[in-house]
Amino acid sequence: MLDAAGDRTPTTHPALRHCVALLRLHLASPSLAAARQIHGHALRAGVPPSHPLLAKHLLFHLAALRRAPPLRYAVAVLTRILPDPDPFSLNTVLRIAASSARPRVALALHARRLAPPDTHTYPPLLQACARLLSLRDGERIHAEAAKNGFATLVFVKNSLVHLYGACGLFESAHRVFDEIPIPERNLVSWNSVLNGFAANGRPNEVLTVFREMMDVEFAPDGFTMVSVLTACAEIGALALGRRVHVYLAKVGLVGNSHVGNALIDLYAKCGGVDDARRVFEEMGTGRTVVSWTSLIVGLAVNDFGKEALKLFSVMEREKLVPTEITMVGVLNACSHCWLVDDGFMYFDRMKEEYGITPRIEHLGCMVDLLGRAGKVEEAYDYIVTMPLEPNAVVWRTLLGACTMHKKLELGEAAWSRLIELDPGHSGDYVLLSNLYAAVGRWADVHVLRKTMVKDGVRKNPGHSLVELRNSVYEFVMGDRSHPESEQIYKMLAEIAERLRREGYIPRTSNVLADIEEEEKETALNYHSERLAIAFALLKSLPGTPIRIVKNLRVCGDCHTAIKLISKVYDREIIVRDRSRFHHFSEGSCSCKDYW
């Protein structure tokens, strides 16, 4: 049978059957070069470029490429079979577009209604919405899928869980997950909801869902365990993290590089630097740039700056290229070691040798580097001449340096910018109040406190977490909800008495409230980290390190008190606050009293 042009009917063209067989054969090890070669051979042999069978197998081959399937090529192949592409070919291009650098192409193609949607249409569209963080488009696709009867499919629901989690709606993600019947849930279902909670800073929910997963005896994989380790790191649950580590070794997942990186992050964020180093060494050839970066950053924030810089030198000798995050860790290490000249050297090398354009995070590190070293005027000059518009974090860094080094004029200049960029941030009021107190401007301290009350600015409620015997306990200021509160407060009274004998005098300027001095002393004594420490002293064996995670910056008075507690009770106390780690031991802190 001949078509209008006198050629063989495309479905019986021998070159077509041969090329389709070749495309199938190469699926085991797909390559773009092979796809182009086979495609070219088919066209030269007279197979029409609009033949749907050729397009179908060619697109399937392109989608199977392990690295960045060529979107432009895929769309060009699809356009040859317009206006009536089969749903399979269209869905394949949607998949390629959704995972590409231009996910919006998937939504644009879907909007043209080139083929009726089927069971495989909606997952790539929802993936594209998640990549774009476009909640409006995602909700529209969700409604359309429900209207067409596809929203009940497990792989569509998995995509919805991922979308809502990526867009920050973790409750919506969990609601969709709950709609999936337990027998129908697969590993993607569990991992999607776990990742949604982990990415949105909901560690308790991660651990709750993980327990549910283990209760139904569903075997986790590396991605599952990364979410669990992230949750343990978030709440400082070192003992639980160690148990997870043992489980990982038992099921053979410690060789997974993602898991290894998460373990490094866990130990570093719990102050277990030696454990982080050990995991890094055990990874051997499985180490990636992320592994090196995780340990460098972990060493830097734990005040092992010189060790971080040594590790970076080894990384460079291994011919590994640092990332933007690596360089943040390197610059932080220089800052914590007060290595100003080295910091500027690394900053220049970052630009010149590695082609990394400085971001606001890198510039903020330079401000911190100068301010920490007492070069506050130079830090101010650096801010006003930096190539990017300084944000509130940069100005807050300067205000902290001014407070530390008693630079009132520059501190007030930083404050004036902060009330424009981030008005009502209670931490800024604390820093400025401490600065006024440090230079003896008590009238201004009082005025600032009245301004806080007038403007309705309240300090964020602080909470502290402490882990004991595989359980995590949370305390808030003045908390009496714990069943052993009476003993905890007796311990606090004992601690206060022993500290007074050591010469401790409460710094009541840290209390931004219009109350009597005696009440201020009491308020300081009941800060959440002190309650957590008192509980740990009561319940842990002598000599055992105490690890605290606090959601706010440690105040100056608590910092002084904890230094003395570490000396009086001969305990190492590790506190992770909002900005850094403090390793208290024998009456001193690793931060050298600047944080």
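**A first walk through the model**

Guide: Of the 595 residues in the protein, 51% are buried, where buried means under 20% relative accessible area with a 1.4 Å probe and protein chains only. This is a predicted model, in which local features need pLDDT of at least 70, side-chain atom pairs count only at pLDDT 80 or more, and totals for chains, interfaces and linings use all residues. Residues are numbered from 1 along each chain as its sequence is written, and side-chain values use heavy atoms, with hydrogens and water left out.

Visitor: How many helices and strands are there?
Guide: The protein has 30 helices and 6 strands, taken as DSSP runs numbered from the N terminus, with helices being H or I of at least four residues and strands E of at least two. Its C-alpha trace spans about 105 × 55 × 50 Å along the principal axes.

Visitor: Switching to helix α7, which of its residues are buried?
Guide: The buried ones are Y122, P123, P124, L125, L126, A128, C129 and A130. That is 8 of the 11 residues of α7 (residues 122–132), so the helix is largely enclosed by the rest of the structure.

Visitor: And what do they pack against?
Guide: The buried residues of α7 pack against α5 (87–98), α6 (104–111), α8 (135–147) and α9 (154–166), counting a contact as heavy atoms within 4.5 Å. After α7 comes L133, which has a positive phi, near 55 degrees.

Visitor: What order do the strands take in the sheet?
Guide: The open sheet of 6 strands runs β2-β1-β3-β4-β5-β6 with mixed pairing, and two strands count as paired if DSSP finds at least two bridges between them. At the edges stand β2 (471–476) and β6 (588–589), each with a single partner strand, so one side of each has no neighbour in the sheet.

Visitor: Are β4 and β5 parallel or antiparallel?
Guide: Strand β4 (residues 573–576) and strand β5 (residues 581–585) pair in the antiparallel sense over 4 bridges, and I574 stands opposite H583 in β5.

How values were computed
Buried < 20%, exposed > 50% of the residue type's maximum accessible area, 1.4 Å probe, protein only.
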